[in-house]
Amino acid sequence: MERNHLQRRAAYMRETLFDQGYLDEQFIQLEDLQDDANPNFVEEVVKLFYTDSARFIRNIELALDNSTHHDFEKLDDIMHQFKGSSSSIGAEKVKRECTQFQEYCKAGNLEGCKRTFQQVKQENATLKRKLESYFQLKRQAS
Amino acid sequence: MELNSEADEDTKKEQEQKEEEKEKQHFHVLAVDDSNIDRKLLERLLTVSSYQVTCVDSGDKALEYLGLLDIQESEISRTSSISSCSSSSSKSSEKEVSKVNLIMTDYSMPGITGYDLLKRVKRSSWKDVPVVVMSSENIPSRITIRCLEGGAEEFLLKPVKLADMRKLHSHLLNTTNIHDTIIDSDHNNNTNKRKASSPEDSDRRTRIQELPVS
């Protein structure tokens with residue numbers, strides 16, 4: 001009984017993540033690649049994403065903090081990689097903020113970059129929290 | 001006769017599928033991408049599709065694996081775990097590498113880009129190996145055109161999906177590799193020791209020039 005209830009909660013949580021636009025269909029692609037022989041594939045990929053995103057965020061922070069000269073091309077380059085990773089796991093909101101950041105880079109708008117960067121960090125942290133809860137729930141339900 | 005035809009159709013289809021799976025297991029794909037997430041994804045996509053996969057994280061490593069680095073370069077990168085390069089000429093290194101039937105490469109990578117890699121491969125004795133370029137930029141523009149003009153057989157938009165794997169198979173079947181593997185499987189199914197394509201093969205191979213149908 002308990003297990004069924006937890007499974008339903010996990011399914012509901014998953015649906016909400018899609019409905020609220022945190023995840024897109026690429027996440028389903030990852031799920032389709034998971035099987036009994038590779039039961040943790042999705043979680044492994046997500047973990048890789050969080051290692052990468054921490055690094056990207058750190059590098060952007062360093063590049064933005066440079067008060068003398070701002071290399072928009074470098075910022076754009078880092079964000080392009082970050083965007084690629086978020087796209088690969090289906091992190092829709094994070095990806096959108098990355099795109100916005102790149103727009104500001106192309107326009108050479110530093111304030112816009114800094115503002116959007118806060119959004120990127122926020123969306124990244126929010127999704128991380130939600131996915132961690134989701135995976136935990138799934139573990140408890142199995 | 002009529003009563004059996006449907007059952008025959010089913011077993012025939014099953015047999016065809018089994019044969020296709022068997023063919024695929026002979027195919028070795030070299031995947032090149034600097035993103036560890038994308039490498040993991042590619043590795044899984046290709047494995048699920050029954051191909052053998054080798055993933056490398058840079059154009060340099062890909063060239064090394066294919067034995068296309070010159071002697072100086074190969075000595076510098078000796079620390080790499082890929083053991084294909086010997087201290088002799090690059091020609092003999094090529095023969096040590098197990099066959100590669102398809103190369104999939106990301107377009108934008110630091111150092112040697114996917115485009116650079118494409119050009120290097122197409123200039124080499126690996127030139128008949130199909131090269132697929134992947135990129136997250138979806139403007140069917142300079143990247144796509146540039147790569148297709150550069151000799152790439154296919155362009156894939158990232159993130160790469162399971163459905164894209166079907167496109168690979170058609171490129172693999174277009175080469176004469178399939179003849180090699182069928183002949184080999186007749187001789188007790190040994191693994192193909194020589195590389196899949198060689199300069200002599202290019203003469204009897206017809207190149208499919210038009211854009212692939214997706």
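**A bridge between the chains**

Which side chain does Arg44(B) meet in a salt bridge? Its partner is Asp35(A), at 3.0 Å from N to O; a salt bridge here is a side-chain nitrogen of Lys or Arg within 4 Å of a carboxyl oxygen of Asp or Glu. Between chain B and chain A the count is 3 salt bridges.

**What you're looking at**

This is a predicted model, where local features need pLDDT of at least 70, side-chain atom pairs count only at pLDDT 80 or more, and totals for chains, interfaces and linings use all residues. Residues are numbered from 1 along each chain as its sequence is written, chains are lettered from A in the order in which they are written, and side-chain values use heavy atoms, leaving out hydrogens and water.

**The interface**

On the chain B side, 16 residues are in contact (heavy atoms within 4.5 Å) with 19 residues of chain A. The buried area, meaning accessible area (1.4 Å probe) that the two parts lose on being put together, summed over both, comes to about 1,500 Å², with 59% from carbon and sulfur atoms. Ile37(B), Lys40(B) and Arg44(B) lose the most area in chain B, together 43% of what that side buries.

Leaving aside neighbours within four places in sequence, Phe82(A) contacts residues including Phe49(A), Phe56(A), Ile57(A) and Val94(A).
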